[in-house]
Amino acid sequence: MNGPTQEFWQARFIEGQMPWDRGAPNPQLIAWLEAGAFAAGSRVLVPGCGQGWEVVALAAAGMHVTGIDFAPAALALCRGHLEAAGLHAELVGADVLHWQPEAPADAVFEQTCLCALYPDYWVRYADQLHRWLKPGGRLFALFMQAPRASAAEGFIEGPPYHCDIHAMRALFPATRWEWPKPPYPRIFNRGIEREELAVILTRK
Ligand SMILES: C[S@@+](CC[C@H](N)C(=O)[O-])C[C@H]1O[C@@H](n2cnc3c(N)ncnc32)[C@H](O)[C@@H]1O
C-alpha cells in the first residue's frame with residue numbers, strides 16, 4: 001500500500017501525535033448545524049472520524065451518526081467522548097475503501113479523511129462516497145489545502161495530501177455532483193497551519 005497504513009494511524013493515536021486534532025468540533029460544522037444545513041434526524045456518516053469531536057457534535061444535534069475508522073485507538077477515544085456526553089453513535093472499525101453501509105445515508109461529513117489517503121486511492125474513495133449517499137444526499141466536505149513546493153517536481157508529500165480544487169472537480173465531477181458557486185469559506189487549522197475549503201456537494 002502506498003502512503004500511511006493502519007499501523008501508522010494507530011500509532012499516532014496511541015502516542016498522542018495528532019497535530020490536526022482541534023480538541024473540539026470544526027467551527028464550520030457548528031456553523032452548518034446552526035444554519036440548519038443538516039435536516040433534523042439525518043443519517044450522517046463520518047469516514048476517518050478519528051477521536052470524533054464531529055461525531056459527538058452531530059449526535060448532540062440529534063443526528064443518527066456512524067463514525068468509521070480503521071484505528072482502534074481512535075474509536076476508543078471517540079467512544080469515551082460519547083459516553084462522557086451521554087450520547088450515542090454507531091462506531092465501525094473498518095477501511096473506508098471497502099466498507100458499505102446497510103442503507104444509503106442522507107449526508108457524509110468528510111474532514112481530513114481524503115487528505116489522509118494516498119492519492120492513488122482517491123478515485124476509489126470518491127466512488128465510495130457517491131455510493132454511500134442517497135440521490136439528493138449531501139457531502140459536507142472540508143478540502144485540505146496543503147500545497148508544497150516539491151509538487152512542482154512531481155513529488156507527492158503527505159499526509160495531509162493537498163486537495164487542490166482542480167483535483168476535487170475531477171474526483172467529484174459535475175455529472176455526479178452539484179457544486180455551489182465559489183468563493184468557499186476557508187477554515188484555519190492552527191495545529192497544522194493549514195486551511196480547509198468548506199464545500200457542500202449534492203449527490204445527483
Ligand atoms: C488526519 S486523521 C483525521 C481524523 C478526524 N477526521 C479529524 O479531523 O480529527 C485521519 C483519520 O482517518 C483514518 N483513516 C485513514 N485511512 C483510513 C482508511 N483507509 N479507512 C478508515 N480510516 C482511515 C485514520 O485512522 C485517522 O483517524
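User: Happy to start with a lysine: is Lys 134 buried, partly exposed or exposed?
Analyst: Good place to begin, and please keep in mind that this is a predicted model. Buried means under 20% relative accessible area and exposed means over 50%. Lys 134 has a relative accessible area of 35%, so this residue is partly exposed.

User: Thanks! Which residue meets the side chain of Lys 134 in a salt bridge?
Analyst: The N to O distance in this salt bridge is 2.6 Å. Lys 134 sits in strand β5 (residues 133-145) and its partner in strand β4 (residues 105-111), so the pair links distant parts of the chain, 28 residues apart.

User: How many salt bridges does the structure hold?
Analyst: Another joins the side chains of Arg 186 and Glu 195 at 2.6 Å, N to O; Arg 186 is partly exposed at 48%, and Glu 195 is partly exposed at 27%. For the structure, the number of salt bridges is four.

User: How many residues apart in sequence are the parts that Arg 22 and Glu 196 tie together?
Analyst: The side chains of Arg 22 and Glu 196 meet in a salt bridge of 2.9 Å, N to O. Arg 22 lies in the loop between α1 (6-15) and α2 (27-34), while Glu 196 belongs to strand β8 (residues 194-203), so the parts tied together are apart in sequence by 174 residues.

User: Let's go inside: how many residues does the largest nonpolar core have?
Analyst: Those with the most contacts inside this core are Leu 114, Leu 139, Phe 143, Met 168, Phe 172 and Trp 179. The elements giving two or more residues to the core are β4, α5 (122-132), β5, α6 (165-171) and β8. Leaving aside neighbours within four places in sequence, Phe 172 is in contact with residues including Ala 126, Leu 129 and Leu 201. The size of the largest nonpolar core is 36 residues.

User: And how many residues are in the second, separate core?
Analyst: Among the members of this second core are Val 46, Cys 49, Val 65 and Ile 187. The core is separate, and its count is 27 residues.

User: What about Gly 50: is this residue buried or exposed?
Analyst: Gly 50 lies in the loop between β1 (43-47) and α3 (53-60). Beyond its neighbours within four places in sequence, Gly 50 is in contact with Phe 13, Asp 69, Ala 74, Leu 75 and Cys 78. Its relative accessibility is 8%, so Gly 50 counts as buried.

User: Lastly, the ligand: what percentage of its area does the protein bury?
Analyst: The ligand is surrounded by 16 residues, with Gly 48, Asp 69, Asp 95, Gln 111 and Thr 112 the closest. A ligand oxygen is 2.7 Å from an N or O atom in the side chain of Gln 111, and a ligand nitrogen is 3.3 Å from a polar backbone atom of Phe 70. Taken alone, the ligand exposes 590 Å², and of that the protein buries 97%.

Technical notes. Residues numbered from 1 in each chain as written. Predicted model: local features only at pLDDT ≥ 70, side-chain atom pairs only at ≥ 80, totals over all residues. Heavy atoms only, no water. Helix = DSSP H or I, 4+ residues; strand = E, 2+ residues; numbered from the N terminus. Buried < 20%, exposed > 50% of the residue type's maximum accessible area, 1.4 Å probe, protein only. Contact = heavy atoms within 4.5 Å. Core = buried A, V, L, I, M, F, W, Y, C linked by side-chain atoms within 4.5 Å. Near = heavy atom within 4 Å. Polar contact = N/O pair within 3.5 Å; in protein donor to acceptor, adjacent residues only side chain to side chain. Areas by Shrake-Rupley, 256 points an atom, 1.4 Å probe, with all protein chains shown as cover.
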